Amino acid sequence: MTALRSYVHGGWQSPSVDGTPLHDAVTGAEIARISSAGIDMAGALDYGRRVGGPPLRELTFHERALILKQLALYLQGQRDELYELSYRTGATKYDARFDVDGGIGVLFTYGSKGRRELPNDTVYVDGPMEPLGKGGTFVGQHIATSLRGVAIQINAFNFPVWGPLEKFAPAFLAGVPSLIKPASQTAYLTEKLVELMVGSGLLPEGSLQLVCGSAGDLLDHVTEQDLVAFTGSASTAQRLRSHPAIVRNATRFNAEADSLNLSILGPDATPGSAEFDLFVKQLVTEMTVKVGQKCTAIRRAFVPTDHMDEVAEAVRERLGRVVVGNPTAPDVRMGALASLEQREEVRRSLKALTDAARVVYGDPEQVDVVDADPERGAFISPVLLRADDPGRAEPHEVEAFGPVATLLPYTSTDHAIELAARGAGSLVGSVVTGDARFARDVVVGVAPWHGRLLVVDTENAKESTGHGSPLPMLVHGGPGRAGGGEELGGIRSVLHYMQRTAVQASPSVLSAVTGQWVHGARQHDTTTHPFRKSLAELRVGDTVVAGPRTVTQADIDHFAEFTGDTFYAHTNAEAAAANPFFEGIVAHGYLVVSLAAGLFVQPDPGPVLANYGLENLRFLTPVKPGDELTVTLTAAQITPRVDADYGEVRWNCDVVNTEGELAARYDVLTLVAKEWPT
Ligand code: NAP
């Protein structure tokens with residue numbers, strides 16, 4: 001039987017011993033053996049830091065993001081291989097989509113967000129510049145730079161593809177190499193994933209390593225520059241976060257643990273209503289997708305006391321239609337748990353739960369299966385429990401990591417909120433209601449215990465991505481029992497792999513550090529108009545000063561008539577004089593912006609291709625007839641696109657009046673060719 005290989009020190013390595021057998025969840029047949037014996041863990045971390053880090057950090061955010069996109073496309077083309085192996089974990093094709101397509105989707109999202117929301121640079125500028133002195137010569141700016149260590153991932157068995165990819169994408173974008181340690185039970189699928197990723201030839205050497213088997217002494221070698229991202233049970237999280245090397249070095253440790261996620265049926269959602277059906281349908285989906293082996297699955301379903309019987313009956317009826325069996329068989333809706341050990345674990349948890357709740361559907365010891373042997377495969381029936389006393393501890397504390405949920409009654413909004421908190425921190429909660437007031441009360445009441453909340457109603461039901469699916473653009477994680485960690489959430493998670501540093505300096509030095517011009521930094525008044533410069537020639541700080549231009553009453557009258565903006569402050573002298581901010585007629589703000597463009601624009605065909613917007617526009621001093629306007633336009637940020645022959649240029653625009661007071665300040669956004677003439 002072949003042993004799973006690890007990918008370390010730039011090559012594939014087989015274990016030095018036979019290893020522990022891993023079994024097909026459906027047939028019980030041995031698939032492979034696993035062991036990390038013989039792997040030099042300290043050497044692997046050193047290799048990641050020494051060989052993987054430097055070339056990755058040399059790439060800009062945009063270059064890394066483009067690689068993520070290319071990798072996503074590559075894996076999409078190869079995903080059948082992953083689907084095929086996924087069956088062996090007990091997953092149906094539908095389940096595998098969450099894991100495989102979900103993981104590839106995370107790569108696509110970071111590939112796109114990295115290019116849209118991060119600079120084409122290696123330094124991240126965090127928030128606005130802070131003035132620290134009255135004269136404007138001493139300023140502060142938070143920046144973020146890549147950690148110099150390795151992103152160590154320790155993953156759970158239930159998402160062998162999505163799990164590694166949702167951690168790899170933000171770490172890679174941050175410029176930090178990854179070392180993946182999958183859960184042993186399903187590591188054969190992660191091994192295939194890494195084989196494909198390495199085989200794509202897209203990743204810089206050392207930016208990805210894999211250790212199959214136990215972590216051994218891996219964590220003994222972590223430093224203050226490494227990060228450990230753990231997904232798994234709360235008990236393992238507790239053990240690992242107190243590992244001496246992690247504590248000694250204050251190594252970043254992110255935990256995504258189990259949780260007793262809830263769903264609340266609103267009091268308005270009476271039997272027969274659309275929301276009632278949505279609640280029941282969602283509960284059954286959450287119980288059965290991936291055989292309930294989702295950290296986000298609904299474990300506690302809160303129902304108004306009066307509707308407990310109807311909900312129990314409706315869920316029973318739906319569960320009765322779920323066909324259990326070989327996940328490759330066409331009608332099978334629910335496959336097998338990941339292993340026989342997991343089945344024993346679920347049965348053990350059910351024993352604890354049934355002290356406080358009675359079974360209203362399913363038999364934990366027996367199930368009819370299609371096209372498979374129910375004893376050799378890790379099959380189990382969905383089990384619905386009902387706890388008529390919601391005050392009992394077990395339903396709020398015991399996670400059965402399988403197709404198991406408990407119905408619990410509540411009597412009022414406050415009661416539901418109080419019971420929700422008994423979960424001591426969860427990844428996700430749902431509220432199914434058509435009553436926006438109830439939704440608000442519950443959302444505000446339970447949010448401190450949740451990382452994500454979904455409110456389902458008839459308006460969003462069709463488009464809703466559902467309770468159990470973490471989305472790359474939204475935070476995944478939760479407080480307390482859920483681990484206290486946070487992943488995904490768009491660019492937020494990239495910053496987890498970077499160090500935030502407050503830099504205090506002069507504006508000119510700050511511009512040099514960040515690559516972005518800031519107010520007070522040196523400006524270069526060049527002989528060539530900056531609109532005549534391609535990206536190859538343009539420099540941050542290049543400036544044009546234009547004007548003055550007198551604003552006349554005739555200009556204001558013409559603009560009012562021409563645009564139809566006859567607001568009294570521009571057209572009615574008496575009313576304008578009575579306005580607390582103006583002492584008479586003032587020019588339209590948009591007239592000021594238009595006149596400024598008339599001053600700074602260089603009209604001939606050239607490298608500036610388009611103006612695509614303004615940002616941060618503020619009108620600061622009213623402009624009166626007779627005022628003279630002067631405009632200063634400075635190239636503040638230059639962002640060449642990695643996949644096009646143009647890029648974005650952000651220009652700072654300051655418009656001042658005769659006295660030198662700021663009339664308007666804003667950013668002009670343009671697209672500029674990389675070369676001109678092309
Ligand atoms: P687990 O037993 O805690 O194992 C998780 C990972 O930790 C595995 O890779 C395991 O490796 C590793 N591990 C265990 N002991 C270790 C040690 N002493 N040093 C280093 N690594 C160690 O959890 P699981 O059974 O795989 O996963 C099921 C649990 O994960 C459920 O409770 C579920 O709720 C939770 N979960 C949470 C999320 C989330 O995002 N919050 C997602 C999925 C699952 P081996 O397999 O090699 O032992």
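User: In this predicted model, which residue lies over the face of phenylalanine 159?

Analyst: The contact is described from the ring centre of phenylalanine 159, and the distance is 4.8 Å. A charge counts as over a ring within 6 Å of the ring centre and within 35 degrees of the ring normal. The residue placed there is lysine 290.

User: Is phenylalanine 159 buried or exposed?

Analyst: The relative accessible area of phenylalanine 159 is 10%. Buried means under 20%, so phenylalanine 159 is buried.

User: How many aromatic pairs are there, and what is the geometry of the pair of phenylalanine 159 and tryptophan 162?

Analyst: Ring centres within 6.5 Å make a pair, and by this rule the count comes to 10 aromatic pairs. For phenylalanine 159 and tryptophan 162 the centres are 5.6 Å apart and the planes stand at 65°. Planes over 60 degrees apart count as edge-to-face, so this pair is edge-to-face.

User: Is tryptophan 162 buried or exposed?

Analyst: Tryptophan 162 has 9% relative accessibility. The limit for buried is under 20%, so tryptophan 162 counts as buried.

User: Which elements are linked by the pair of tyrosine 590 and phenylalanine 619?

Analyst: The rings of tyrosine 590 and phenylalanine 619 are edge-to-face, with 6.1 Å centre to centre and 80° between the planes. The two residues are 29 residues apart, and their pair links distant parts of the chain. Tyrosine 590 belongs to helix H19 (residues 589-600) and phenylalanine 619 to strand E24 (residues 608-619), so the elements are H19 and E24.

User: How do tyrosine 590 and phenylalanine 619 count by accessibility?

Analyst: Tyrosine 590 has 55% relative accessibility, so it counts as exposed. Phenylalanine 619 has 41%, so phenylalanine 619 counts as partly exposed.

User: Why is strand E6 described as largely enclosed by the rest of the structure?

Analyst: Strand E6 covers residues 139-146.

User: Which strands pair with E6?

Analyst: Strand E5 (residues 124-131) pairs with E6 in the antiparallel sense over 5 bridges. E6 also pairs in the antiparallel sense with strand E21 (residues 498-505), over 8 bridges. The partners are E5 and E21.

How values were computed:
Residues are numbered from 1 along each chain as its sequence is written. This is a predicted model: local features need pLDDT of at least 70, side-chain atom pairs count only at pLDDT 80 or more; totals for chains, interfaces and linings use all residues. Side-chain values use heavy atoms; hydrogens and water are left out. Rings of Phe, Tyr and Trp (its six-membered ring) pair if their centres lie within 6.5 Å; planes under 30 degrees apart count as stacked, over 60 as edge-to-face and the rest as tilted. Buried means under 20% relative accessible area, exposed over 50%, partly exposed in between (1.4 Å probe, protein chains only). Helices (H or I, at least four residues) and strands (E, at least two) are DSSP runs, numbered from the N terminus. Two strands pair if DSSP finds at least two bridges between them.
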